[in-house]
Amino acid sequence: MEFYEVLEKRRTYRDFSNREVSDEILKKVIGAAFKAPTNDHLRQLEFVIVRGRENIEKVIAPLAKNMAAFKKLVAEVDESDDKDKMAMFADALPKQQRMLMQSGLLILPFFHQLTWPLLKPVEQSSLNYFASAWCALENMLLAATAEGLGTVFHIPVRDEAEKIKKIVNAPEGYEFICLLTMGYPAENAFLPKQKIINIEDRLHINNW
């Protein structure tokens, strides 16, 4: 695909087929992460790859107790009153666990947090390693799209991150940004309606 076609086709999928993602394609997608900008030039990224639904279920076990809270959000009144947004959440929230298991492939992208604790930054630059890791993830999302794959991720809440790090034996000083799954989309996969943005309305020349 051409680059801008990849951007256009990059979408969040939460419904996957049973077709397995090969190791060759997986390595290509992860390889794209190391082409992203990084704050210290060292690209200290590590990836835990979990295959098989039974293995994935063990890793995501800490998510279970939070599911009731996620599902309750669907019924809450949304202040934006945006129907497209609510349609997306109505589909997404009940699928938080299932979507991570359905493709049979789970990826945990880890980065080395060398300065201040991730959740106790002293200034914006304290989040440089975190920001670099998200740049790397965006490269992976685009590479997966170029390979015909769909992607979706879950950002850990509450105590999920600490529990999952123990389950996968992550060394001290490493954090992960999300639980990422990718796979070949199911034929009937739900796709939320994309918001159409008029670029001219978002440009502010010299000042806001």
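Entry 1. I began with N206, which counts as exposed, since its relative accessibility is 80%. I note here that the model I am reading is predicted. N206 sits in the segment after strand 5. Its phi is positive, about 70 degrees, although N206 is not a glycine.

I then looked up N169. Its phi is also positive, about 60 degrees, and N169 is not a glycine either. I placed N169 in the loop between helix 8 and strand 4. With a relative accessibility of 65%, N169 counts as exposed.

**Entry 2. R11.** I looked for R11 and found it in the loop between helix 1 (3–9) and helix 2 (23–33). Which side chain of opposite charge is nearest to R11, and how far away is it? It is E8, at 6.8 Å.

**Entry 3. Salt bridges.** I counted through the structure and have 10 salt bridges.

R51 is partly exposed, at 23% relative accessible area. D23 also counts as partly exposed, at 47%.

I turned next to E147 and K28, whose side chains form a salt bridge at 3.0 Å, N to O. E147 is in the loop between helix 7 and strand 3 (150–154), while K28 is in helix 2; the two are 119 residues apart, and the pair links distant parts of the chain. I have E147 as partly exposed, with a relative accessible area of 26%. K28 is partly exposed as well, with 47%.

The last pair I wrote up is K195 and D82, with side chains that meet in a salt bridge at 3.0 Å, N to O. K195 lies in the segment after strand 5 and D82 in the loop between helix 4 (67–75) and helix 5 (83–92), so the pair ties together parts 113 residues apart in sequence. K195 counts as partly exposed, at 47% relative accessibility. I also checked for shared partners: E20, D23 and R51 are joined by salt bridges into one network.

**Entry 4. The largest pocket.** I took the pockets next. The largest pocket has a volume of about 480 Å³. It is lined by 22 residues, and those closest to its centre are T12, R14, M88, F153 and P192. Helix 5 and strand 3 are the elements that give two or more residues to this lining. Which element gives the most to the lining of the largest pocket? Strand 3 does, with four residues. By class I have nine nonpolar, five polar and eight charged residues in the lining.

Entry 5. The volume I have for the second largest pocket is about 360 Å³. Of its 16 lining residues, L118, L119, P156, A161 and E175 lie nearest the centre. Helix 7, helix 8 (160–167) and strand 4 (174–176) each give two or more residues to the lining. How many polar residues are in the lining of the second largest pocket? There are no polar residues; I have 11 nonpolar and five charged.

**Entry 6. The cavity.** The search of the whole structure turned up one cavity of 30 Å³ or more. About 120 Å³ of space lies in the largest cavity. I list 15 residues in its lining, with T38, R43, Q44, L45 and S132 nearest its centre. Strand 2 (105–112) and helix 7 (128–146) each supply at least two of the lining residues. The largest share, four residues, comes from helix 7. The lining divides into eight nonpolar, five polar and two charged residues.

Notes
Residues are numbered from 1 along each chain as its sequence is written. Side-chain values use heavy atoms; hydrogens and water are left out. On a 1 Å grid over the protein atoms alone, a cavity is a set of points where a 1.4 Å probe fits but cannot get out, and a pocket is an open set with protein on both sides within 12 Å along at least five of seven lines; lining residues have an atom within 4 Å of a point. Grid points are joined across faces, edges and corners, and a volume is the space filled by probe spheres set on the points. Ala, Val, Leu, Ile, Met, Phe, Trp, Tyr, Cys and Pro count as nonpolar, Asp, Glu, Lys and Arg as charged, and the others, Gly among them, as polar. Buried means under 20% relative accessible area, exposed over 50%, partly exposed in between (1.4 Å probe, protein chains only). Lys and Arg count as positive and Asp and Glu as negative; His and the chain ends are not counted. A salt bridge is a side-chain nitrogen of Lys or Arg within 4 Å of a carboxyl oxygen of Asp or Glu.
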